[in-house]
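This report considers how the parts of a structure meet, taking the meeting of its chains before the arrangement within one of them. The sequence and the structure are shown below.

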Amino acid sequence: MNLPPYRLALKGITKSFPGVLANDAVDLALQAGEIHALLGENGAGKSTLVKILYGVLQADAGEILWHGSPVEIGSPAAARKLGIAMVFQHFSLFETLTVAENVWLGIDKTEPLAVVAGKVRETSERYGLPLDPNRHVHELSVGERQRIEIVRCLLQNPELLVMDEPTSVLTPQEADRLFETLRRLAAEGMTILYISHKLDEIRALCGKATILRGGKRVAEAVPAEESSRSLARLMIGQDFAEAERKPDEGRIGAKRLTVGGLTIASTSPFGTPLDKVSFEIRGGEILGMAGVAGNGQAELISALIGEEKVPVGMLALDGTDIGDKGPAERRSLGLAVVPEERQGRSAVPELTLAENALLTGHQRFSLVRHGLVQAADAARRAGEIISRFAVKANGPQAEARGLSGGNLQKFIIGREIGQAPGVFVASAPTWGVDAGAAAAIHQAIIDLAATGAAVLIISQDLDELMVMSDRICAICAGRVSPAIDRAEATTERIGLMMGGSFTVAGEAA
Amino acid sequence: MFLDTTGAIIAATIIAATPLLLAAIGELVTEKSGVLNLGVEGMMLVGAVAGFAVDSAGGGAFGGLIAAMLAGAAMAALFGFLTLFLLTNQVATGLALTMFGTGLSALAGQGFVGTTVPRLGKIDIPLLSQIPLLGPAFFSHDALVYGSVLITAAVWYFLYRTRGGLILRAMGESADVAHAIGYPVIGIRFAAVLFGGAMAGLGGAYLSLAYTPLWAENMTAGRGWVALALVVFATWRPWRAMLGAYIFGGVTIAQLHVQGMGVSIPPQLLSMLPYAATIVVLVIISRDATRVKLNAPAALGKPFLPTA
């Protein structure tokens, strides 16, 4: 019996960067028509492996077999020529160009633009991925942008489609639709390599999973036969405690953060203005805000931080109007905000952890005296955060940019929570953070609420909101839905709210 | 008499605008690819002296223009090598290029000070140049005036109607994305930088071979900086850059006439007019902030280091 060779086989792929062995003799084998998951924590080597496969990086050692014969993949163009296409996690799209122009740039054939536009329309309709080729990318939702990437790949009739965390930006309904498309493509014989850390998805979608840990292939599993917990254990290599929220009726206190009719224009040409956003959070309460990125979350965060001042009467903290106060003043009143961007906004990449701790903590911990920085105190403070939140870092003098995303996020959350804020706001607190670290961050936020702080969590990750929140609302096109109790919240219901099906009190339906 | 004067003023306007237009169109292409080259002034000066040298050595006007483009491109190649391959700071390198070009052109031009070459010949377009007023104003110019308009049209067509132009604009939008898709970012940017240098050299040679056919040290007198400003105020759009160049040229000529008529306005104020008028007009037509952001190359001046 002669089995056909694997469509793609990686053998002993090894790649090292200065100080890190990113891939250590990794094997991977993919067959025609299968949906194969590549699983692993941050820093497990998934991205490196995929970049080698797509010709962005070159392996130090190891072999790539395509249909059984060894190949060199020297560039993305070479990968595409073989029939390998990739949908990146961070879209490679040009915002000021149209859909058709973007697709045109990404395919190697030189056909006229009009022909490409026609093919985009046809392919997108055939696979249920509606797209207007003449729209500019900056006008499109994240889900639509992803469709551009997928359609661009499909136009090249690939035999292998690599998808890097495709659902992290989608609503549950959009994700379901994507899965239908992927299943159909697999049924037509396409091989799909699916990278994700959402274990439920992988169990529903993928026939096989290869699990990486610390750059090594540690297991191959059939996801349907595993539980999410057992898969997570394979990824992490040990058990971890999941965050838990106990219902406690007596805990909820007085109103701490009141947002009333917040209406502001966006400062970015690609942004979303806020339209009469109203909600309030009481002490001890966690409000979750679901929503697909780009629906006004960035504007809300910058209004809360105080980067954008707002008219009087729209924002109040413990009864004090803070609309015209700057970030430092709001911080001294007990507001702590963790925006989504870790490098460059929450933390200064070039500065050390001690210096980053000083930036938001110098008032509360008097780390600056008589105009002089108290370097030793700042280092001690950073050291406390590092040990309390188990941040993997080379001490307080490590540069922020040297930390992995998850570790830096633990440090930032720790830095803010350590100031015992009265109101705590975090956007995407565990985005791209592995399961163990995410659970630790969730627990820290829950513990903070238990001390009487009001907490707002803005996230696209519904599981996260379900675990933590007392009430859940959704933001869509700059409007915020009324909040519903967690007990009444289902994935479907929140998904509909994220899509804009809700009525704000005082508005006609 | 009136018709003759008006025709002459318009013709002088176009001539004054042409070196600005050439340099600005070149810089526009460079910036659309995401590279900010502040060395326009230096590249113009080197182009001016190279063109003059070749022409006066018997190479002819055409030979002079070719030499000027090569010299400008050579200066740009130096800039491109430093900024794109060695990743030096674009602003600092551009400023250095201007200083270098100023000094180099003065040194190379020492022997030419006080000499002249024949002015670039005029080409009367048959029939059209016979029209009163319009003829002398628009259709009786040297080849480079017509050429500059054709180059503007060609650049517009290239940028907005061809795949190559789309790729170039994409470089300026996000080099990382372009690299991820698989385009040779550095090579394409280097080509755009070379084109910018060649156009700046041509603009410089227009000064030394056609505008005032002689060589004088520092004869560009800040036109390279004006060209740079035109690109920004024109929000990186070729036809607007042309409009800006013509307004600048027109007000320059007009205020000279006003000064000649002995109006009692301090000449310093009148000399400021072209700058002020150009800025005001271009700011007014480009005041839509969203459109400006859409046209501005988002990656302008950002170094690109190809990594994973």
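In this predicted model, the contact between the two chains draws 18 residues from chain A and 14 residues from chain B. On the side of chain B that touches chain A, the elements that give two or more residues are α6 (163–173), α7 (175–181) and α12 (289–295) of chain B, and the largest share, five residues, is that of α6(B). By residue class, this side of chain B consists of eight nonpolar, three polar and three charged residues.

Within chain A, the division is into three parts: domain 1 (8–236), domain 2 (247–334 + 423–509) and domain 3 (343–420). Between domain 2 of chain A and domain 3 of chain A, the C-alpha centres are 25 Å apart, and the contact joins 13 residues of domain 2 of chain A to 11 residues of domain 3 of chain A. The side of domain 2 of chain A that touches domain 3 of chain A receives two or more residues from each of α10 (327–332), β19 (423–427) and α14 (435–450) of chain A, with α14(A) providing the largest share, five residues.

The table sets out the residue classes for the two sides described above.

| Domain 2 of chain A, touching domain 3 of chain A | nine residues | two residues | two residues |

Methods
Residues are numbered from 1 along each chain as its sequence is written. Chains are lettered from A and ligands numbered from 1 in the order in which they are written. This is a predicted model: local features need pLDDT of at least 70, side-chain atom pairs count only at pLDDT 80 or more; totals for chains, interfaces and linings use all residues. Two residues are in contact if their C-beta atoms, placed from the backbone, lie within 7 Å. Helices (H or I, at least four residues) and strands (E, at least two) are DSSP runs, numbered from the N terminus. Ala, Val, Leu, Ile, Met, Phe, Trp, Tyr, Cys and Pro count as nonpolar, Asp, Glu, Lys and Arg as charged, and the others, Gly among them, as polar. Domain bounds come from an automatic or database domain assignment.
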